[in-house]
Amino acid sequence: MKKNIFFALAIFLLFNFISCKTTNNKPEILPDYAGIYTGIIPSAGGDGINVKITLNADETYTIEYKYIGKSDSVFSDNGKFIRNTEKDIVIFEKESENDFTKYYKLGENTLTHLDLDGNIISGEFADNYILKKEK
């Protein structure tokens, strides 16, 4: 009799444990990378480019570029991005065949512009490619 009660209790606890593991009642946590990143990156022919990147939790982005000292025009781009969680890299999808893939490295409240192959830009001006997250 004691064996049957113990066996029934063990099965009850096992099913209870399994049902707790498969049920997720936690609220969705927004990724910490979502936000607005700004900074000035170097440009080949001018004083730099004001950059504003908005990363959204739904994996969409908006980029705004304004060339300093050239004109008041703001160039913008938007679309979807892919996040490589192993390398903490954000890859912006190309808008057209003439466009190029844009790579950024996620850091603690930073987004670093990478080269066309997805590598960190090194050299004297490397720090100029780091965008800061707005609070």
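**The barrel**

Begin with the strands: eight of them close into a barrel in the order β1-β2-β3-β4-β5-β6-β7-β8, with antiparallel pairing. From one strand to the next, the twist averages 30°. Such angles run from 0 to 180 degrees between N-to-C directions, with axes that are lines fitted to C-alpha atoms (for helices, over the stretch in contact). Strands (E, at least two residues) and helices (H or I, at least four) are DSSP runs numbered from the N terminus, and two strands count as paired if DSSP finds at least two bridges between them.

The model is predicted: local features need pLDDT of at least 70 and side-chain atom pairs count only at pLDDT 80 or more, whereas totals for chains, interfaces and linings use all residues. Residues are numbered from 1 along each chain as its sequence is written, and side-chain values use heavy atoms, with hydrogens and water left out.

Select strand β3 (residues 60-67) and strand β4 (residues 75-84), which pair in the antiparallel sense over six bridges. Within this pair, Y65 stands opposite F75 of β4, and I63 has D77 of β4 as its bridge partner.

β4 and β5 form a hairpin with four residues between them, and in the turn D88 has a positive phi of about 55°.

Continue to β6, which runs antiparallel to β5 and is joined to it by four bridges. The partner of I89 in β6 is K105.

Select K133, which lies in strand β8 (residues 130-133), and then G35, in strand β1 (residues 35-41). These two residues are 98 apart along the chain, yet their C-alpha atoms are separated by 6.7 Å. Leaving aside residues up to four places away in sequence, K133 touches D32, Y33, A34, G35, I36, Y37 and N109, where contact means heavy atoms within 4.5 Å. The side chain of K133 also reaches the backbone oxygen of A34 at 3.1 Å.

What else does G35 touch, not counting residues up to four places away in sequence? Besides K133, G35 touches I53, T54 and L55. The C-alpha atom of G35 is separated by 6.5 Å from that of N56, 21 residues away along the chain.

**The largest pocket**

Finally, select I41, P42, S43, A44, I49, Y65, Y67, F100, K102, Y104, H113 and Y129, which line the largest pocket. Two or more of the lining residues come from each of β3 and β6 (102-107). By class, the lining has nine nonpolar, two polar and one charged residues; Ala, Val, Leu, Ile, Met, Phe, Trp, Tyr, Cys and Pro count as nonpolar, Asp, Glu, Lys and Arg as charged, and the others, Gly among them, as polar.

The volume of the largest pocket is about 230 Å³, taken as the space filled by probe spheres set on grid points joined across faces, edges and corners. On a 1 Å grid over the protein atoms alone, with a 1.4 Å probe, a pocket is an open set of points with protein on both sides within 12 Å along at least five of seven lines, and lining residues have an atom within 4 Å of a point.

Conventions
Polar contact = N/O pair within 3.5 Å; in protein donor to acceptor, adjacent residues only side chain to side chain.
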